[in-house]
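Visitor: I'm new here, and I'd like to learn how to read a structure like this. Could you walk me through a few features?

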Protein chains: 2
Amino acid sequence: MNAQASAHDGVRARTIGPVRIVGSGLLGASIGLGLREIGVDVVLTDASPAALSLAIDYGAGRAATPDDAPQLIVVSVPPDVTAQVVADELVAFPDAVVTDVASVKGAVRAQLDALGADVSRYLGSHPMAGRERGGAIMARTDLFVGRPWVLCAEQATQADAQLLVESLALDLGATPVTMTTAEHDESVALVSHLPQVVASLLAARLTGNDDALRLTGQGLRDTSRLAASDPELWAQILSANADPVVAQLELLSNDLTAFIAALRNAEASGMKRQMAQFIAVGNRGVASIPGKHGSADRFSTITAIIDDTPGELARLLTDMGELGINIEDMRLEHSPGAQVGFVELAVLPAVAERASSDLLQRGWRLV
Amino acid sequence: MNAQASAHDGVRARTIGPVRIVGSGLLGASIGLGLREIGVDVVLTDASPAALSLAIDYGAGRAATPDDAPQLIVVSVPPDVTAQVVADELVAFPDAVVTDVASVKGAVRAQLDALGADVSRYLGSHPMAGRERGGAIMARTDLFVGRPWVLCAEQATQADAQLLVESLALDLGATPVTMTTAEHDESVALVSHLPQVVASLLAARLTGNDDALRLTGQGLRDTSRLAASDPELWAQILSANADPVVAQLELLSNDLTAFIAALRNAEASGMKRQMAQFIAVGNRGVASIPGKHGSADRFSTITAIIDDTPGELARLLTDMGELGINIEDMRLEHSPGAQVGFVELAVLPAVAERASSDLLQRGWRLV
């Protein structure tokens, strides 16, 4: 019942403590830290006494006592044991709402049904917090700020549960998004699991090609960046969402087969047009990704060349600030073998022309 | 013979004018502008009188006269007419070396052989300048600074030609890289054409999925970014390099088929291990991409949270500059629906710990 001012947005905590968090890894400890920061009482537990004591030392909450009567329990344990832990918590705390934060929801729900759990008090959720590695020591109060937090609310009887989990998400600075379990799993199959497999398979083709990689540009870097993800964890995530991911991969595989056939007969009638059509549909697909702040607006890009010295980038951005030009997005691109960098600055189209001429006037080199 | 101080690196121009540039689009006009900047005489020509006069007005060179006796001719016309133009120039200027800048080299060479051109004076090249769109109006003197510029030098008799093209690349600030034609085409099939197709086919799957795209994170944005490329141009580029690209796409297709089979039987013995192995090979592939300045060193990453207001990013980078910490790479990530951004700063591992504690001390929020 400690509702102090929130560090995130200046409002009081909506969540009423104690919140019981089962599993004190990165997500669990970050939720605990975030709630503690706004004065909510947090009870932590973990199968590993060492992990638990680390998270408590870290300030993510206190040890459980027999008298704790949590309204809300958050299960943040590895995906393969999530359902069993949720079922156990539902039994141990017959008045509490239980949520989990596993990145695949259908598999957890199916296992709960198989276990005969009281799912009227369970509401699966998934904070899109991005970071899949690291334990409590990587935890941060701000991990969820500005991220979507999916709530899988199927039944009207879950209104109370939904309110509790929504409050939790809001208190941690996240944006609640409500979907059915199936919608969630199909959505992440497309926007998270498909790109992961694509990046991994693309990057797997790069090994043993050091000569060719000398010609690497930003395009390959972008396309393969996700491939640095943890292999064991991702094998587990993909397995838990196998059907929707297989469906996406098969559609991609069909497109790839058709594209190869067109390219193999590139000089035959209509084949170049067919390839161009694939690429044009890709143009539309990438344009449909929401931009900053959830809008699908496109920005104008200004590219500046900067010397590779400390403070040079700051000087450019200070100039932008003095000129009153907000930077909507930015990327720093490096030139292999060179001591200069390219900075791509996305600005609102309305200010792009003035921004360019003002920057040129201040002596910046624009590409 | 105007060898003034170079704006790029303070040395004198190596290239001796006049250089004749055929085709005044983005690449041709940028080469002209870059050479003019260091005082080299540039003669421009273009099949389109309007495009030519625009490039001349822009300062990329002067109109040709009957008395011009260029040592070096640069052909920068669309890929499908490159070979014919190169052949014509070799005939018209029997003492000159001719190079081209098309992004696929084997097809041009095969067409030159078929045309019976004097290839002893031809040396194909490819500046990896990244930008595939835009005409003379997009031209910049700095387009090639720090970029690899591939020279396809097969024969010892081409030593003179190689010296001339290498000097051109160096004068424009590029890094010359020598390869055979086959090596070049196989290299760009892997590092440029394969990621283009992968990104386009991935992005093509996104259309009509606006609900799912609300959950988009940085991973999908990165993986699909290349998909914004020009469809007609890319259909032409891929067709001109069909064999090496088909070979890469088929290897990828085989991997994809194997991955789908493993995922479809994810619960069978050894299948999760097989998927994890694919992802682990991807880990190694992405780690083998050269980093900044051509090295494969990895950097430590610090992620800071900043408010979305003008000047906030500049303030962070000014602090980094004051702390004497060089930023090796940087990305700005946006939070859909939120008014904050995440800045990922790559720094040398040796300074990472100090950088984090110094930034925290200055009040920055780190993730």
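This is a predicted model: local features need pLDDT of at least 70, side-chain atom pairs count only at pLDDT 80 or more; totals for chains, interfaces and linings use all residues.

Visitor: Then where is the place of P94(A)?

Guide: P94(A) lies in the loop between α3 (82–92) and β5 (97–100) of chain A.

Visitor: Is P94(A) buried or exposed?

Guide: Exposed means over 50% relative accessible area. P94(A) counts as exposed because its relative accessibility is 53%. As for distances, P94(A) and Q277(A) are 183 residues apart in sequence, and 57 Å apart in space from C-alpha to C-alpha.

Visitor: How do I check the span of helix α13 of chain A?

Guide: Count 1.5 Å a residue: the 13 residues of α13 (residues 349–361) should span 18 Å, and the end C-alpha atoms are 19 Å apart, which agrees. Within α13(A), the buried residues are A352(A), A355(A), D358(A) and L359(A). After α13(A) comes G363(A), with a positive phi near 95°.

Visitor: What rotation superposes chain A on chain B?

Guide: In general, two copies of a chain are related by a rotation about an axis and a shift along it. Here chain A is superposed on chain B by a rotation of 180° with 0.0 Å of shift along the axis, at an RMSD of 0.0 Å. That is the relation of a two-fold axis.

Visitor: Which residue of chain A comes closest to the rotation axis?

Guide: That's T223(A), whose C-alpha is at 2.0 Å.

Visitor: And why do we say the copies meet through the same surface?

Guide: Because 99% of the interface residues of chain A are also interface residues in chain B.

Conventions: Residues are numbered from 1 along each chain as its sequence is written. Chains are lettered from A and ligands numbered from 1 in the order in which they are written. Side-chain values use heavy atoms; hydrogens and water are left out. Helices (H or I, at least four residues) and strands (E, at least two) are DSSP runs, numbered from the N terminus. The expected span of a helix is 1.5 Å times one less than its number of residues. Buried means under 20% relative accessible area, exposed over 50%, partly exposed in between (1.4 Å probe, protein chains only). Copies are superposed by least squares on the C-alpha atoms of residues with pLDDT of at least 70 in both. Contact means heavy atoms within 4.5 Å.
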